[in-house]
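Morning, everyone. I'll walk you through one protein today, from the whole chain down to single contacts. Please look at the structure on the screen.

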Amino acid sequence: MTVSIETDRVERFRAVIARRLGLQFDDAKLGWLGDVLHRRAAAARRSDDSHLARLEGDGADAEFAALAEELTVPETYFFRNVDQFRALQEQVLPDRLRASATRRSLSILSAGCASGEEAYSIAMALHGRVPGSAAELSIHAIDLNPAMIEKARRARYTQWSLRETPAAMQACWFRPEGHEFVLDDAVRAAVAFEPRNLHLDDAGFWRPGRFDVVFCRNVLMYFTPSNARAAIRRITRSLAPGGVLFLGHAETLRGLSQDFHLRHTHGTFYYQRKDSLGPEWMAQAPAIAPAARAAEPEGAGEVADRGDGWIEAIGQAAERIRLLTEPPVSTGEHHAVPAVPGRLEHALELLRQERFADALPLVQALPADSARDPDVLLLHAVLLVHRGQLQQAEAVCHRLLSIDGLNAGAHYVLALCREAAGHTAAAAECDQVAIYLDPTFAMPRLHLGLLARRAGEHQAARRELEQAVALLRREDASRLLLFGGGFDRSGLLALCHAELRALGGVTA
């Protein structure tokens, strides 16, 4: 009984943290969360139950601020993922200056700024690059943790925070003082810090078109899926058309939003807001009044959350297509689910048998509604590649990407098309996009390895092929069916091992 009661308390504590702070914690953290609850209750001289009841009510803002300090452990440093700052300097800034030529200011937000290193890195990267008065550039920085905001305002750092900062920039912008390095006043003055919870809406702060660029790196990974979608909706609303969003190196918008174009430059990825979001976006994210939005209903956004598994995005497309072919559900009076022609199921079986020439016309003859399904389009493109109809396959991929721009499978098929056309650099870039969108996808790793070996880049080839071996061992069977080119798992592994042996790599 005691264990059951304690578990119930911790589950309630986890739920209220998700509701008020937006943060999610998996089951492995339940013991730690219980310790935090007990420690905070003791500090407030309350029982665990009474403290929890207070948190579940309205108010308790000061306690949630204290919890933010307990529950967030920021790890950051100056010029983290430096390629993004190069892209900001050399690509994004010129583009946004041209786009905002009729406006007086260029506005940048660092969301989840922690102790300020990211925001100050932006200020240093852009210093002297904005024509005219420095007032034309404004940098805002927000974080859930008020202690981190105070540290950012003090702008005093250790050598560890400067570990990726070039020596010339350290000499220019920092002065040593004891064991710390104090940031130059000009850079400090360029950034306005404030404590703010990205999870909570504020129509005044997130007003439409306010920002040209938003950095929100390594933040969404700590949010529940529904809270991450809501945060992205706010950021989307606050970005000017064509505005840019930088995420963390291992984060993507897959499953969170279709309102951005993926961009790749300077060895990094970022997202550019589409010029027009259209009525569909307005239906998903209506204008929010200053009052707090009501709690999201249970299960809301389930259909939109297409990023957790391959079945939602690409990986179990074969299973997704199979579901489309199942017989209609009958209520006794009428069919509740419209029937989809059985020839699609037949096409899948022909794909398994490598009878690509027989499968292709079955897919091409599907009704228009079915033929617009992203997974059916992916199957169509794969079959066209198998038949050597590469221009048509590329056209189908572009049609698919107009529906789902973050479809890793479509980018991989494009890589095959580009390679066949002799554009190996473009093929490698498409593979890199596919890997970024889904790091568990083995086939673009294998393809990159083969491209690198042919180019004589043996170290890169060995790295990619070894990654491909590790991923192939746990690759989804339906994804192997679609993208294996007629090879099964053992055949693909044998191919990787043969290539690695030729490179002198380990094949165990």
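A definition to begin with: helices here are DSSP runs of H or I with at least four residues, numbered from the N terminus. Keep in mind that this is a predicted model.

Now use that definition. Helix H9 covers residues 185–189. Arginine 188 and aspartate 185 both sit in it, 3 residues apart, which is about one turn of the helix. Their side chains meet in a salt bridge, 3.8 Å from N to O. Buried or exposed: which is aspartate 185? It is exposed, because its relative accessible area is 54% and the cut-off is over 50%. Arginine 188 counts as partly exposed, at 30%.

Let's step back to the whole protein. It has 24 helices and 10 strands. Of its 508 residues, 49% count as buried. Take the contacts with a separation of 6 or more: 70% of them come from residues 24 or more positions apart.

How many does a search of the whole structure find? It finds 29. One of them pairs aspartate 49 with arginine 9, at 2.7 Å from N to O. Aspartate 49 lies in helix H3 and arginine 9 in helix H1, so the pair ties together parts 40 residues apart in sequence. Arginine 9 is buried at 17%, while aspartate 49 is partly exposed at 36%.

Next pair: arginine 96 and aspartate 212, with their closest N and O atoms 3.3 Å apart. This one links distant parts of the chain, helix H5 and strand E7, 116 residues apart. Both partners are buried: arginine 96 has 5% relative accessibility, and aspartate 212 has 0%.

Helix H5 comes up again at a cavity. The structure holds 1 cavity of 30 Å³ or more. Which residues line it? Val92, Asp95, Val244, Tyr270 and Gln272 line the largest cavity. Helix H5 and strand E10 each give two or more residues to that lining. By class, the lining has 3 nonpolar, 1 polar and 1 charged residues.

Last stop: cysteine 496, in helix H24. It counts as buried, because its relative accessibility is 0%. Leaving out residues up to four places away in sequence, cysteine 496 touches Leu446, Leu465, Ala468, Val469 and Leu472. Its C-alpha atom is 6.0 Å from that of leucine 465, 31 residues away along the chain.

Definitions and conventions: Residues are numbered from 1 along each chain as its sequence is written. This is a predicted model: local features need pLDDT of at least 70, side-chain atom pairs count only at pLDDT 80 or more; totals for chains, interfaces and linings use all residues. Side-chain values use heavy atoms; hydrogens and water are left out. On a 1 Å grid over the protein atoms alone, a cavity is a set of points where a 1.4 Å probe fits but cannot get out, and a pocket is an open set with protein on both sides within 12 Å along at least five of seven lines; lining residues have an atom within 4 Å of a point. Grid points are joined across faces, edges and corners, and a volume is the space filled by probe spheres set on the points. Ala, Val, Leu, Ile, Met, Phe, Trp, Tyr, Cys and Pro count as nonpolar, Asp, Glu, Lys and Arg as charged, and the others, Gly among them, as polar. Buried means under 20% relative accessible area, exposed over 50%, partly exposed in between (1.4 Å probe, protein chains only). Contact means heavy atoms within 4.5 Å. A salt bridge is a side-chain nitrogen of Lys or Arg within 4 Å of a carboxyl oxygen of Asp or Glu.
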